[in-house]
Amino acid sequence: MKFRNESYYAVSLMWKMFTTHVKLFKRPLRTLRAIKMQERLEALEDILGFDLLASLLGVSRRELFQYDANLDQIPEIVCQRFSFIDKIFSILIGAYNDEGIRQWFLRKRVQLSNRSPAEILKNN
């Protein structure tokens, strides 16, 4: 009888795990993207700071705080800029420390006609 209770417990535990995973997969894809975007936004805010990130995204600091609170309010153009900056950030994080990443965006480059990547992103 003890064996039956243990197997029943194991089956019920597996069923709970399965139903939990099914519920996660039933979430709207937009919700899962929003969770990922929230995590990436927080990482960028931690390393770049609010002022630099807001200027790279082409929004004010106040708007960035609003977007941080409610990701559904972010306009499409800001989402595209965020995605582009996030890709650059993902490449830089493997080669630079936090200060180096901030400096990379602010350092002027000969290849960019003596402008920094931040200046280029602000103007586009």
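The axes of helix α3, which spans residues 50-57, and helix α4, which spans residues 61-69, come within 9 Å and cross at roughly 95 degrees, where axes are lines fitted to C-alpha atoms, for helices over the stretch in contact, and angles run from 0 to 180 degrees between N-to-C directions. That angle makes α3 roughly perpendicular to α4, given that angles under 35 degrees count as roughly parallel, over 145 as roughly antiparallel, 65 to 115 as roughly perpendicular and the rest as oblique. The model is a predicted one, in which local features need pLDDT of at least 70 and side-chain atom pairs count only at pLDDT 80 or more, while totals for chains, interfaces and linings use all residues. Residues are numbered from 1 along each chain as its sequence is written, and side-chain values use heavy atoms, with hydrogens and water left out.

Between these two helices, F50, D51, L53, A54 and L57 in α3 meet R61, L64, F65 and D68 in α4, a contact being heavy atoms within 4.5 Å. By class, this contact of α3 with α4 has six nonpolar, no polar and three charged residues, where Ala, Val, Leu, Ile, Met, Phe, Trp, Tyr, Cys and Pro count as nonpolar, Asp, Glu, Lys and Arg as charged, and the others, Gly among them, as polar.

Helix α3 also packs with α5: their axes come within 9 Å and cross at roughly 120 degrees, which makes α3 oblique to α5. On the α3 side the contact is made by S55, L56 and L57, and on the α5 side by V78, R81, F82 and I85; by class it has five nonpolar, one polar and one charged residues.

Which residues of α6 are buried? They are G100, I101, W104 and F105, with buried meaning under 20% relative accessible area, exposed over 50% and partly exposed in between, for a 1.4 Å probe and protein chains only. These residues cover an arc of only 140 degrees around the axis, which puts them on the same side of α6; the arc is that of the directions from the helix axis to the C-beta atoms.

Two loop residues complete the picture. G49, in the loop between α2 (29-48) and α3, is partly exposed, with a relative accessible area of 22%, and although G49 and R102 are 53 residues apart in sequence, they are 8.7 Å apart in space, C-alpha to C-alpha. S116, in the loop between α6 and α7 (117-123), is buried, with a relative accessible area of 2%, and touches F105, L106, R107 and K108, not counting residues up to four places away in sequence.

For the protein chain overall, the secondary structure comes to seven helices and zero strands, helices (H or I, at least four residues) and strands (E, at least two) being DSSP runs numbered from the N terminus. Buried residues make up 27% of its 124 residues, and residues 24 or more positions apart account for 46% of the contacts with a separation of 6 or more.
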